[in-house]
Amino acid sequence: MTAYTSYPKFYVSVDCIIFGFKDGRLKVLIHQRPYEPGLGELSLIGGFVQTNESVDSSAQRILKEFTGLDNVYMQQLSAYGEVKRDPGERVISIVYYALINVDNYDSHLSDIHNTQWMDVDHMPRLCFDHNDMVQKARRMIGETIKNEPIGCNLLPRYFTLSLLQTLYESILGTSIDKRNFRRAIAEKDYIQATGMIDRSSRRGATLYKFK
(Lines give C-alpha, C1' and ligand atoms only; values in the text may rest on other atoms or scores of the structure.)
Protein backbone atom coordinates (compact mmCIF):
# COMPACT_ATOMS: atom_id res chain seq x y z
CA MET A 1 0.00 0.00 0.00
CA THR A 2 1.26 3.46 -0.87
CA ALA A 3 0.39 6.82 0.63
CA TYR A 4 -1.53 7.64 -2.55
CA THR A 5 -4.40 5.30 -1.66
CA SER A 6 -5.46 7.46 1.26
CA TYR A 7 -6.17 10.47 -0.98
CA PRO A 8 -9.24 11.13 -3.16
CA LYS A 9 -9.04 10.77 -6.94
CA PHE A 10 -10.15 13.53 -9.33
CA TYR A 11 -10.84 13.78 -13.03
CA VAL A 12 -8.38 15.84 -15.07
CA SER A 13 -9.65 17.57 -18.20
CA VAL A 14 -8.22 19.88 -20.84
CA ASP A 15 -10.06 22.92 -22.19
CA CYS A 16 -8.71 24.52 -25.37
CA ILE A 17 -9.49 28.14 -26.19
CA ILE A 18 -8.97 28.23 -29.95
CA PHE A 19 -8.62 31.77 -31.28
CA GLY A 20 -8.89 32.75 -34.93
CA PHE A 21 -8.99 36.07 -36.79
CA LYS A 22 -11.88 36.30 -39.22
CA ASP A 23 -13.65 39.23 -40.93
CA GLY A 24 -11.46 41.65 -39.00
CA ARG A 25 -12.50 40.27 -35.63
CA LEU A 26 -10.91 38.01 -33.02
CA LYS A 27 -12.98 34.82 -32.79
CA VAL A 28 -13.22 31.80 -30.49
CA LEU A 29 -14.22 28.31 -31.62
CA ILE A 30 -17.07 26.88 -29.50
CA HIS A 31 -19.51 23.99 -29.77
CA GLN A 32 -22.57 22.47 -28.14
CA ARG A 33 -21.80 19.94 -25.42
CA PRO A 34 -22.81 16.47 -26.63
CA TYR A 35 -23.25 15.01 -23.12
CA GLU A 36 -24.36 15.76 -19.58
CA PRO A 37 -23.91 17.79 -17.51
CA GLY A 38 -24.79 20.75 -19.68
CA LEU A 39 -26.03 18.77 -22.67
CA GLY A 40 -26.63 21.20 -25.54
CA GLU A 41 -25.02 24.16 -23.78
CA LEU A 42 -22.34 26.20 -25.53
CA SER A 43 -18.86 25.22 -24.47
CA LEU A 44 -15.18 25.55 -25.20
CA ILE A 45 -13.45 22.66 -26.93
CA GLY A 46 -12.23 20.09 -24.42
CA GLY A 47 -11.97 16.54 -23.17
CA PHE A 48 -10.45 14.30 -20.51
CA VAL A 49 -6.79 13.39 -20.19
CA GLN A 50 -6.34 9.71 -21.03
CA THR A 51 -4.22 7.30 -19.00
CA ASN A 52 -1.56 6.95 -21.70
CA GLU A 53 -0.96 10.64 -22.45
CA SER A 54 0.48 13.74 -20.84
CA VAL A 55 -1.59 16.86 -20.33
CA ASP A 56 0.22 18.58 -23.22
CA SER A 57 -0.32 15.67 -25.60
CA SER A 58 -3.98 15.56 -24.58
CA ALA A 59 -4.36 19.21 -25.56
CA GLN A 60 -2.60 18.57 -28.87
CA ARG A 61 -4.87 15.59 -29.58
CA ILE A 62 -8.03 17.57 -28.87
CA LEU A 63 -6.83 20.50 -30.98
CA LYS A 64 -6.08 18.18 -33.89
CA GLU A 65 -9.46 16.45 -33.56
CA PHE A 66 -11.41 19.71 -33.72
CA THR A 67 -9.33 21.71 -36.20
CA GLY A 68 -7.41 19.19 -38.30
CA LEU A 69 -4.19 21.10 -37.55
CA ASP A 70 -0.80 20.06 -36.16
CA ASN A 71 2.05 22.15 -34.81
CA VAL A 72 0.02 25.26 -34.00
CA TYR A 73 0.90 27.97 -31.49
CA MET A 74 -0.44 26.78 -28.12
CA GLN A 75 0.32 27.84 -24.56
CA GLN A 76 -0.87 26.62 -21.18
CA LEU A 77 -2.96 29.31 -19.54
CA SER A 78 -3.99 28.17 -16.07
CA ALA A 79 -5.60 25.45 -13.97
CA TYR A 80 -9.21 25.70 -12.82
CA GLY A 81 -10.03 23.62 -9.77
CA GLU A 82 -12.92 25.08 -7.82
CA VAL A 83 -14.67 22.25 -5.99
CA LYS A 84 -18.07 22.72 -7.61
CA ARG A 85 -17.02 24.16 -10.98
CA ASP A 86 -18.40 21.04 -12.75
CA PRO A 87 -21.81 19.88 -11.46
CA GLY A 88 -21.14 16.32 -12.61
CA GLU A 89 -17.95 15.35 -10.79
CA ARG A 90 -14.87 16.92 -9.23
CA VAL A 91 -12.97 17.95 -12.36
CA ILE A 92 -9.72 19.90 -12.49
CA SER A 93 -9.25 21.55 -15.87
CA ILE A 94 -5.90 22.48 -17.37
CA VAL A 95 -6.58 25.30 -19.82
CA TYR A 96 -4.66 26.05 -23.01
CA TYR A 97 -5.08 28.71 -25.65
CA ALA A 98 -4.18 28.28 -29.30
CA LEU A 99 -3.83 30.73 -32.19
CA ILE A 100 -4.68 29.42 -35.65
CA ASN A 101 -5.08 30.77 -39.16
CA VAL A 102 -8.77 30.31 -39.94
CA ASP A 103 -7.92 29.72 -43.60
CA ASN A 104 -6.13 26.52 -42.57
CA TYR A 105 -8.98 25.29 -40.39
CA ASP A 106 -10.74 22.17 -41.73
CA SER A 107 -14.27 23.54 -42.06
CA HIS A 108 -15.67 20.05 -42.64
CA LEU A 109 -15.01 19.36 -38.96
CA SER A 110 -17.50 22.10 -38.08
CA ASP A 111 -20.39 19.86 -39.12
CA ILE A 112 -18.95 16.84 -37.34
CA HIS A 113 -18.44 18.60 -34.02
CA ASN A 114 -21.18 21.22 -34.32
CA THR A 115 -18.70 24.06 -33.87
CA GLN A 116 -18.94 27.76 -34.70
CA TRP A 117 -16.75 30.85 -34.52
CA MET A 118 -17.94 33.49 -32.07
CA ASP A 119 -16.77 37.11 -31.78
CA VAL A 120 -14.76 37.46 -28.57
CA ASP A 121 -16.52 40.77 -27.84
CA HIS A 122 -19.96 39.18 -28.11
CA MET A 123 -19.49 35.84 -26.43
CA PRO A 124 -22.69 34.06 -25.44
CA ARG A 125 -23.06 32.48 -22.03
CA LEU A 126 -20.85 29.39 -21.92
CA CYS A 127 -21.13 26.51 -19.50
CA PHE A 128 -19.30 26.35 -16.18
CA ASP A 129 -16.40 28.85 -15.93
CA HIS A 130 -15.58 28.96 -19.64
CA ASN A 131 -16.35 32.66 -20.12
CA ASP A 132 -13.78 33.51 -17.47
CA MET A 133 -11.25 31.30 -19.25
CA VAL A 134 -11.77 33.17 -22.52
CA GLN A 135 -11.31 36.58 -20.94
CA LYS A 136 -8.19 35.50 -19.08
CA ALA A 137 -6.70 34.08 -22.29
CA ARG A 138 -7.49 37.26 -24.18
CA ARG A 139 -5.69 39.33 -21.56
CA MET A 140 -2.71 37.01 -21.78
CA ILE A 141 -2.58 37.33 -25.59
CA GLY A 142 -2.90 41.10 -25.28
CA GLU A 143 0.14 41.25 -23.02
CA THR A 144 2.17 38.84 -25.15
CA ILE A 145 1.48 40.51 -28.50
CA LYS A 146 2.99 43.75 -27.21
CA ASN A 147 6.41 42.09 -27.10
CA GLU A 148 6.27 39.00 -29.30
CA PRO A 149 5.14 38.61 -32.95
CA ILE A 150 2.44 36.02 -32.17
CA GLY A 151 0.11 37.74 -34.66
CA CYS A 152 1.82 35.69 -37.38
CA ASN A 153 -0.23 32.71 -36.20
CA LEU A 154 -3.53 34.48 -36.90
CA LEU A 155 -2.84 36.35 -40.13
CA PRO A 156 -2.40 35.13 -43.71
CA ARG A 157 1.16 34.96 -44.99
CA TYR A 158 0.87 38.37 -46.67
CA PHE A 159 -1.04 41.24 -45.11
CA THR A 160 -1.38 45.02 -45.11
CA LEU A 161 -0.43 47.24 -42.19
CA SER A 162 -4.10 48.14 -41.85
CA LEU A 163 -5.02 44.50 -41.35
CA LEU A 164 -2.22 44.08 -38.82
CA GLN A 165 -3.49 47.08 -36.88
CA THR A 166 -7.02 45.73 -36.97
CA LEU A 167 -5.73 42.49 -35.44
CA TYR A 168 -4.03 44.35 -32.59
CA GLU A 169 -7.13 46.45 -31.95
CA SER A 170 -9.35 43.38 -31.89
CA ILE A 171 -7.11 41.59 -29.40
CA LEU A 172 -6.60 44.62 -27.16
CA GLY A 173 -10.20 45.77 -27.41
CA THR A 174 -9.32 49.38 -28.14
CA SER A 175 -8.55 51.67 -31.07
CA ILE A 176 -4.91 52.59 -31.79
CA ASP A 177 -3.58 55.75 -33.39
CA LYS A 178 -2.36 54.84 -36.87
CA ARG A 179 0.91 56.78 -36.73
CA ASN A 180 1.81 55.53 -33.26
CA PHE A 181 1.05 51.95 -34.25
CA ARG A 182 3.21 52.02 -37.36
CA ARG A 183 6.05 53.65 -35.47
CA ALA A 184 5.89 50.99 -32.76
CA ILE A 185 5.81 48.14 -35.29
CA ALA A 186 8.77 49.61 -37.15
CA GLU A 187 10.74 49.74 -33.89
CA LYS A 188 9.97 46.07 -33.18
CA ASP A 189 11.35 45.10 -36.60
CA TYR A 190 9.00 42.10 -36.85
CA ILE A 191 7.84 42.53 -40.43
CA GLN A 192 9.19 43.43 -43.84
CA ALA A 193 7.68 44.76 -47.05
CA THR A 194 7.35 42.19 -49.83
CA GLY A 195 7.25 44.55 -52.80
CA MET A 196 3.80 43.19 -53.64
CA ILE A 197 0.62 45.24 -53.73
CA ASP A 198 -2.81 44.39 -52.37
CA ARG A 199 -4.90 44.71 -55.52
CA SER A 200 -8.13 44.59 -53.54
CA SER A 201 -7.40 47.88 -51.76
CA ARG A 202 -8.29 51.20 -53.38
CA ARG A 203 -4.87 52.74 -52.89
CA GLY A 204 -2.89 49.59 -53.67
CA ALA A 205 -1.50 49.07 -50.16
CA THR A 206 1.86 47.36 -49.75
CA LEU A 207 1.79 43.75 -48.58
CA TYR A 208 4.02 42.71 -45.68
CA LYS A 209 5.10 39.45 -44.10
CA PHE A 210 6.60 38.42 -40.76
CA LYS A 211 10.35 37.88 -40.80
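Y97 touches I17, F19, Y73, M74, Q75, L77, A137, M140, I141 and T144, leaving out residues up to four places away in sequence. This is a predicted model.

## The nonpolar cores

Which residues touch the most other members of the largest nonpolar core? They are I17, F19, V28, Y97 and L164. The core has 37 residues. Several elements give two or more residues to this core: strands β1 (11-22), β2 (25-32), β5 (73-80) and β6 (91-99), and helices α3 (130-145), α4 (161-172) and α5 (178-188). A second core is separate and has 18 residues. Among them are L63, L69, Y96 and A98. There is a general pattern to keep in mind here. In soluble globular proteins, nonpolar side chains tend to be buried together.

L44 lies in the loop between β3 and β4. Is L44 buried or exposed? Its relative accessibility is 1%, so L44 counts as buried. Leaving aside neighbours within four places in sequence, L44 is in contact with C16, I17, V28, I30, H31, L126, H130, M133 and V134. Look also at C127. L44 and C127 are 83 residues apart along the chain, yet their C-alpha atoms are separated by 8.3 Å.

T115 sits in strand β7 (residues 115-119). T115 has 8% relative accessibility and therefore counts as buried. Not counting residues up to four places away in sequence, T115 touches L29, I30, H31, I45, F66, Y105, L109 and S110. I30 and H31 are in contact with L44 and are also touched by T115.

## Aromatic pairs

How many aromatic pairs does the structure hold? There are five. Two of them are described here.

F159 and F210 form a tilted pair. The centres are 5.1 Å apart, with 45 degrees between the planes. F159 is in the loop between α3 and α4, and F210 is in strand β9, so the pair ties together parts that are 51 residues apart in sequence. Both F159 and F210 are buried.

Why is the pair of Y168 and F181 edge-to-face? The ring centres lie 5.2 Å apart and the planes stand at 70 degrees, so the pair falls in that class. The cut-off for edge-to-face is over 60 degrees. Y168 belongs to helix α4 and F181 to helix α5, so this pair ties together parts that are 13 residues apart in sequence. Y168 counts as buried because its relative accessibility is 8%. F181 is buried too, with a relative accessible area of 5%.

## Pockets

Next come the open spaces. Rolling a probe the size of a water molecule over the atoms shows where empty space is left.

| Pocket | Space | Lining by class |
|---|---|---|
| Largest pocket | About 400 Å³ | Twelve nonpolar, eight polar and eight charged residues |
| Second largest pocket | About 180 Å³ | Three nonpolar, four polar and three charged residues |

The largest pocket is lined by 28 residues. Which of them lie nearest its centre? They are R33, Y35, G46, G47 and F48. β1, β4 (45-48) and α1 (55-67) each supply at least two residues of this lining.

The second largest pocket is lined by T160, L161, S162, K178, R182, D198, S201, A205, T206 and Y208. The elements that give two or more residues to its lining are α4, α5 and β9 (206-210).

## Backbone details in the loops

Some loops hold backbone features to look for. A cis peptide bond joins E36 and P37, with omega about -5 degrees. P37 lies in the loop between β2 and β3 (42-43).

D23 is not a glycine, yet it has a positive phi of about 55 degrees. D23 is in the loop between β1 and β2. With 69% relative accessibility, D23 counts as exposed.

D189 is another residue other than glycine with a positive phi, near 60 degrees. Where is D189? The place of D189 is the loop between α5 and β8 (191-197). D189 has 46% relative accessibility, so it counts as partly exposed.

Key: Residues are numbered from 1 along each chain as its sequence is written. This is a predicted model: local features need pLDDT of at least 70, side-chain atom pairs count only at pLDDT 80 or more; totals for chains, interfaces and linings use all residues. Side-chain values use heavy atoms; hydrogens and water are left out. A nonpolar core is a set of buried Ala, Val, Leu, Ile, Met, Phe, Trp, Tyr and Cys residues joined through side-chain atoms within 4.5 Å. Buried means under 20% relative accessible area, exposed over 50%, partly exposed in between (1.4 Å probe, protein chains only). Helices (H or I, at least four residues) and strands (E, at least two) are DSSP runs, numbered from the N terminus. Contact means heavy atoms within 4.5 Å. On a 1 Å grid over the protein atoms alone, a cavity is a set of points where a 1.4 Å probe fits but cannot get out, and a pocket is an open set with protein on both sides within 12 Å along at least five of seven lines; lining residues have an atom within 4 Å of a point. Grid points are joined across faces, edges and corners, and a volume is the space filled by probe spheres set on the points. Ala, Val, Leu, Ile, Met, Phe, Trp, Tyr, Cys and Pro count as nonpolar, Asp, Glu, Lys and Arg as charged, and the others, Gly among them, as polar. Rings of Phe, Tyr and Trp (its six-membered ring) pair if their centres lie within 6.5 Å; planes under 30 degrees apart count as stacked, over 60 as edge-to-face and the rest as tilted.
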